[in-house]
Amino acid sequence: MESGWLRHVVLGLVFLVSMASVLESSCEFPAIFNFGDSNSDTGGLSAAFGQAPAPNGQTFFHHPAGRYSDGRLIIDFLAESLGLPYLSAYLNSVGSNFSHGANFATAGSTIRPQNTTMHQSGYSPISLDVQLVQFSGFHKRSHEYRNQGVVFETLLPKADYFSSALYTFDIGQNDLTAGYKLNLTIEQVKASVPDMLAQFSNAVKAVYAQGGRSFWIHNTGPVGCLPYSLDRFLITASQIDKYGCASPFNEVSQYFNRELKAAVVQLRTELPLAAITYVDIYSLKYKLITQAKKFGFTKPFIACCGHGGKYNYNTLARCGAKKIVNGKEVIIANSCKDPSVRIIWDGVHYTEAANKWIFQQIVNGSFSDPPIPLTIACQH
Ligand SMILES: *[C@@H]1O[C@H](CO)[C@@H](O)[C@H](O)[C@H]1NC(C)=O
Ligand SMILES: *[C@@H]1O[C@H](CO)[C@@H](O)[C@H](O)[C@H]1NC(C)=O
Ligand SMILES: *[C@@H]1O[C@H](CO)[C@@H](O)[C@H](O)[C@H]1NC(C)=O
Ligand SMILES: *[C@@H]1O[C@H](CO)[C@@H](O)[C@H](O)[C@H]1NC(C)=O
């Protein structure tokens, strides 16, 4: 009787302690600060250089929303799952609310500043180093302005959010394609990967130096499977893999990813208080494109929104392109009927349905190193 009672108390205590540690182990990120390119741009390029045209945004936002997709991006699903609002673009001066983070990504961004103008090559001048300058200014000025109270208190992050926030990165794809566009050989592009990653590591260190501790880093996708690459770059039949992707471009992406992973390992030794999660987006995108049917998708090599050609992709008439017909402006590169069963939105970017599928695969950590769920990505 007596010992039975005691056993219940002990078991109860064990239960309470383990519950407490479960609660404690969830990071409860109060904010997200994101750096990247179009894969995670929620309005940066649109704010600076003009809105992404309709039909971008049609599925979820029902109007163009600064994203190159019919709806939400992986970063949107990530914010949602952490109970946070969608990230406002740092560059967007109208209607933004940065109380739970800011997005420094712009479409077309590279890690390394390019030696071409946006007009010449299409790459955004807001390269990763510029995004870091913007973050530093944002961090410093947030403190100054919050102290002035009033409306700033509800629009800017609390001071302590900067150390407990999740810092997300998705960048590198454009550094690789910029090389191809300059007609560099595969070997020449590969040779510049160490410099790209040195500059990437510097960005992570700069955030750490400002108190950032939790990092969530996406690797780069299989750019050789995208209509944009298949249409644009010179590819011989023997370079196409059994699924239809251009192997040389994917091999460079995989090389970039191996080196990125090594850079992350190195960063962990140099930044002992950081928790750095490396997320294998490449494998998921490749799996989705090459086994589309299995996951309920069709036409993995055809852009949903585009105009003409083998891949419904034409670099001169991209998604949303307009033409004057009989004195009236009409969209000639419009959306397909059902984007929810398509993977590639506009030849370069993914549909909301694909982004959602990818997010569902990464959130539990099964494609991460270390293999821990998003909710505990602050633990190291
Ligand atoms: C741009 O030019 C500078 C000076 O020649 C060079 O160091 C740098 O690597 C170049 N950047 C890229 C992205 O090619
Ligand atoms: C900004 O967003 C936060 C959280 O969603 C909200 O509490 C706050 O009122 C918003 N600020 C303004 C000025 O709308
Ligand atoms: C790359 O090669 C193509 C085809 O030869 C040529 O039209 C283009 O001007 C070249 N681009 C650059 C940047 O040299
Ligand atoms: C992670 O989630 C995916 C998608 O829901 C599921 O297929 C997979 O089995 C999960 N993995 C683990 C380790 O829980």
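Predicted model: local features only at pLDDT ≥ 70, side-chain atom pairs only at ≥ 80, totals over all residues.
Residues are numbered from 1 along each chain as its sequence is written, and chains are lettered from A and ligands numbered from 1 in the order in which they are written.

Strand 4 and strand 5 (residues 275-279) run parallel and are joined by five bridges, where two strands are said to pair if DSSP finds at least two bridges between them. Within strand 5, Thr277 stands opposite Trp216. Strand 5 is also joined by two bridges to strand 8 (residues 368-369), and these two run antiparallel; the bridge partner of Val279 in strand 8 is Ser368. Four of the five residues of strand 5 are buried, and the strand is mostly covered. A residue counts as buried if 20 or more other C-beta atoms, placed from the backbone, lie within 10 Å of its own, as exposed if 12 or fewer do, and as partly exposed in between.

## Strand 4 and the whole sheet

Strand 4 (residues 214-218) is largely enclosed by the rest of the structure, because five of its five residues are buried. In a regular strand the side chains alternate between the two faces of the sheet. In strand 4, Ser214, Trp216 and His218 point one way, whereas Phe215 and Ile217 point the other way, and all are buried.

Helix 3 is mostly covered, with six of its eight residues buried, namely Ile74, Ile75, Asp76, Phe77, Leu78 and Ala79. What covers these buried residues includes strand 1 (32-36), strand 3 and helix 14. After helix 3 comes Gly83, whose phi is positive, near 75 degrees.

Asn355 has its place in helix 14 (residues 352-362) and is buried, with 24 other C-beta atoms within 10 Å. Asn355 and Ile74 are 281 residues apart in sequence, yet their C-alpha atoms are 5.2 Å apart in space. Leaving out residues up to four places away in sequence, Asn355 touches Ser69, Arg72, Leu73, Ile74, Phe77 and Tyr350, where contact requires C-beta atoms, placed from the backbone, within 7 Å.

Apart from its neighbours within four places in sequence, Ile358 is in contact with Ile74, Ile281, Leu284, Lys285 and Leu288.

Helix 12 (residues 247-270) has 24 residues, which at 1.5 Å a residue should span 34 Å, and this agrees with its end C-alpha atoms, which are 34 Å apart; the expected span is 1.5 Å times one less than the number of residues. Among the buried residues of helix 12 are Phe249, Val252, Phe256, Leu260 and Val264.

Asn97 lies in the loop between helix 3 (74-81) and strand 2 (101-103) and is partly exposed, with 14 other C-beta atoms within 10 Å. Beyond residues up to four places away in sequence, Asn97 touches Pro85, Ser88 and Leu155.

Around ligand 4 stand Gln360, Gln361, Asn364 and Ser366, a residue being near a molecule if its C-beta atom, placed from the backbone, lies within 6 Å of it. This shell around ligand 4 divides into no nonpolar, four polar and no charged residues; Ala, Val, Leu, Ile, Met, Phe, Trp, Tyr, Cys and Pro count as nonpolar, Asp, Glu, Lys and Arg as charged, and the others, Gly among them, as polar.

How values were computed:
Contact = placed C-beta atoms within 7 Å.
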